[in-house]
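Subject: Structure handover

Hi,

Here is the structure I promised you. Please open it alongside this note; what I found follows below.

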Amino acid sequence: MIKILKTYISDFLNLFFPVVCQSCGSPLVKQENFICTECLYLLPKTNFHLIDNNPVSQVFWGRVNIEYASSCYFFNKGGLLQKLIHKLKYKGMKEIGYELGKQFGTELSNVEWAKNIDIVIPVPIHPKRKKQRGYNQSDWIAKGIVEILPAHVDYHNLYRAVETQTQTKKTRFERWENVENIFKIKSPQLFEGKHILIVDDILTTGATLEACANELLKLKNIKVSIATLGFTA
Ligand SMILES: [Zn+2]
């Protein structure tokens, strides 16, 4: 009875305050959350997870020893994904990360290597920035991914020990220099012998991900893979 009443109330509210797609603005139907089916379909998939030596893994060649690496979508200026990521990072819409994370998890569940991931780690942001934003956007992407993959998320064991300036206006070397050695691990034994998937929103230079991976790779028998929602070609 309560369920029926809830549905009735939400249908009624929808008449006046329709829930719309955060990408195109069209009203959502019942099974859709935050992004409509058509927009999800239109997001440009990379399918990199199906290819071993893909452009994402090539970003890390000669820099750090990554097992597998992939991005779910191509990130184009002015594209659908940019709009969604902007809302995810600056408009408080953390659920967009969760929805896109589930999409990514579904893609990844088609490959053996991703099914063997033990722990998913969102790239940590500094507590100060987390306080400003209210959340870490990568936490929500990771949350969506493990909704589909048989792994669990660890939010705390890898942490950011130093606050850094924003990366956007820096050169490639400065970016690397800016993040080198800023990540630390609380309890190494939690990660030893595990296959870890580091998750971030967008891959640009890879400097932050490289710094995370370097810290993790100091541990015994660890394997590190990387997954980001967007890839800037
Ligand atoms: Zn839409």
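Helices here are DSSP runs of H or I with at least four residues, strands are DSSP runs of E with at least two, and both are numbered from the N terminus. By that numbering, Asn 221 sits in the loop between α10 and β7. Please keep in mind that this is a predicted model.

The overall picture

The chain has 10 helices and seven strands. It runs to 233 residues, and 47% of them count as buried. Take the contacts with a separation of 6 or more: 75% of them come from residues 24 or more positions apart.

Asn 221 is exposed, at 67% relative accessible area, because the cut-off for exposed is over 50%.

Leu 219 belongs to the loop between α10 (207-216) and β7 (223-231) as well. Is Leu 219 buried or exposed? Leu 219 is buried, with a relative accessible area of 14%. That follows because buried means under 20%. Setting aside residues up to four places away in sequence, Leu 219 touches Ile 185, Pro 188, Phe 191 and Glu 192. Take Ile 185 from that list: 34 residues separate it from Leu 219 along the chain, and their C-alpha atoms are 9.6 Å apart.

The loop between α1 and α2

Two residues are worth a look here. Ser 23 lies in the loop between α1 (2-16) and α2 (37-42). Ser 23 is buried, with 4% relative accessible area. What does Ser 23 touch, not counting residues up to four places away in sequence? The partners are Cys 39, Leu 80, Lys 83 and Leu 84.

Phe 34 is placed in the loop between α1 and α2 too. Its phi is near 70°, a positive value in a residue other than glycine. Phe 34 counts as partly exposed, at 27% relative accessibility. The label applies because 27% falls between the cut-offs of 20% and 50%.

The α4 and α5 pair

Helix α4 covers residues 80-90 and helix α5 covers residues 94-108. They pack at an angle of about 130°, and their axes are 7 Å apart. That angle makes α4 oblique to α5. The crossing is left-handed. From α4, the contact uses Leu 81, Leu 84, Lys 87 and Leu 88. From α5, it uses Lys 94, Ile 96, Gly 97 and Leu 100. By class, this contact has five nonpolar, one polar and two charged residues. Leu 84 of α4 takes part in this contact, and Leu 84 is also one of the residues that Ser 23 touches.

The loop between α2 and α3

Thr 46 is found between α2 and α3 (55-60), in the loop. Thr 46 counts as buried, at 9% relative accessibility. Its contacts, leaving aside neighbours within four places in sequence, are Ser 70, Ser 71, Cys 72, Tyr 73 and Phe 74.

Helix α8

Helix α8 spans residues 137-148. Asn 136 caps its N-terminal end. A side-chain oxygen of Asn 136 lies 3.0 Å from the backbone nitrogen of Ser 138. Ser 138 is one of the buried residues of α8.

Best wishes

Notes. Residues are numbered from 1 along each chain as its sequence is written. This is a predicted model: local features need pLDDT of at least 70, side-chain atom pairs count only at pLDDT 80 or more; totals for chains, interfaces and linings use all residues. Side-chain values use heavy atoms; hydrogens and water are left out. Axes are lines fitted to C-alpha atoms, for helices over the stretch in contact, and angles run from 0 to 180 degrees between N-to-C directions. Angles under 35 degrees count as roughly parallel, over 145 as roughly antiparallel, 65 to 115 as roughly perpendicular and the rest as oblique. A crossing is left-handed if the near helix is turned anticlockwise from the far one by less than a right angle, and right-handed if clockwise. Contact means heavy atoms within 4.5 Å. Ala, Val, Leu, Ile, Met, Phe, Trp, Tyr, Cys and Pro count as nonpolar, Asp, Glu, Lys and Arg as charged, and the others, Gly among them, as polar. Buried means under 20% relative accessible area, exposed over 50%, partly exposed in between (1.4 Å probe, protein chains only). A polar contact is a pair of N or O atoms within 3.5 Å; within protein, one must be able to donate a hydrogen and the other to accept it, and residues adjacent in sequence count only if both atoms are side-chain atoms.
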